[in-house]
Amino acid sequence: MYDASGDHPAQANTSDLNEDLGQIEHVFADKTGTLTENSMVFKRAWLRGGFVVTAEDAAAAREGRHSAAVTAATAGGSSSAARHAYSTYQLLATLPFDASRKRMSVIVRGESGEILLLTKGADSAMLMRLAAGEEEEAQQLRAALHEFACAGLRTLVVAQRVLSEVEWEDVRARLADVTALLRDRPEAMARLCAQVEEELELVAGTAIEDKL
C-alpha cells in the first residue's frame, strides 16, 4: 500500500498479524460491497403478467428495437413498468430505506397528474404488503425470484399504489410532522411508512449481478 499524495508507504509496526492472517481459511460478510466490486449489473426482470425480460431486451427497448419479450409484454398490456420507464415524473416525497423495513418508497406525480407510491424492497418485506387479489401474481413472482436466486443473482421486488389527492395531502402533512420531531423520529417514520406502504400492486421483480 502506498499513498502517492504524501509519498508515504505502508509501515508494519508488528509482524504478529502476519502469523494470524496465515491461519485464515474463510471470510464471512453480510454487507453488500464488502467482498464484491459493488458494481450492480442488471440481468433479468419479471414483469407483471408473467413476462421475463433480459438485459438484452432492455437494451433493445432503449435503442427503439422491440425484442420478442418486450413486444409480448406491451401487447399484453401488462408491463406497467415498461410504460412508466419512459414517462416524466415529479418527485413529491421519499420514504427512506431502513434495515427493519427492508424497503424504501417514493411518491411521484405523473404527466397525467396521477400520484403513485412506488416501493422497492426484499421479497420478504414486500409480499406481505400486497393488496388482496394479488395472490396469483405473487405466486408467479416467487417462482421467478427463485430461478433468479439459483442463478446467483440478487433480487428486489417493485410494487405500487395509486394515491388520491386526499391521501397524498394526508401523507404529506403526517410526513412534515414526523420530520419536525426532535425525539423518536426514526420510530415515528417507521410507523408512518408501514401505514403508507400497504395495499400494494406488484409491478416487477428485478435480478442484478453483484460481481465478485
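In this predicted model, P186 and R191 are exposed on one side of helix α8, whereas the buried residues of that helix are A188, M189, L192, C193 and V196. Seen down the axis of α8, these buried residues fall within an arc of 135°, so they line one face of the helix. The cover over the buried residues of α8 includes the strands β5 (90–98), β7 (115–121) and β8 (154–163), together with the helix α7 (165–179). The length of α8 can be checked as well: its twelve residues, 185–196, should span 16 Å at 1.5 Å a residue, and the C-alpha atoms at its ends are 16 Å apart, which agrees.

The largest nonpolar core comprises 30 residues, and those with the most contacts inside it are I107, L117, L141 and L202. Two or more residues of this core come from each of β5, β7, α6 (135–150), β8, α7, α8 and β9 (201–210). Leaving aside residues up to four places away in sequence, L202 touches W46, R48, L127, L130, E134, E137, A138, L141, V157, V158 and A159.

Turning to the whole protein, the model contains eight helices and nine strands, and 30% of its 212 residues count as buried. Among contacts between residues at least 6 apart in sequence, 62% join residues at least 24 apart. The protein exposes about 13400 Å², of which carbon and sulfur atoms supply 53%.

Definitions and conventions. Residues are numbered from 1 along each chain as its sequence is written. This is a predicted model: local features need pLDDT of at least 70, side-chain atom pairs count only at pLDDT 80 or more; totals for chains, interfaces and linings use all residues. Side-chain values use heavy atoms; hydrogens and water are left out. Helices (H or I, at least four residues) and strands (E, at least two) are DSSP runs, numbered from the N terminus. The expected span of a helix is 1.5 Å times one less than its number of residues. Buried means under 20% relative accessible area, exposed over 50%, partly exposed in between (1.4 Å probe, protein chains only). The arc is that of the directions from the helix axis to the C-beta atoms. Contact means heavy atoms within 4.5 Å. Accessible areas come from the Shrake-Rupley method with a 1.4 Å probe; for residues, only the protein chains shown count as cover. A nonpolar core is a set of buried Ala, Val, Leu, Ile, Met, Phe, Trp, Tyr and Cys residues joined through side-chain atoms within 4.5 Å.
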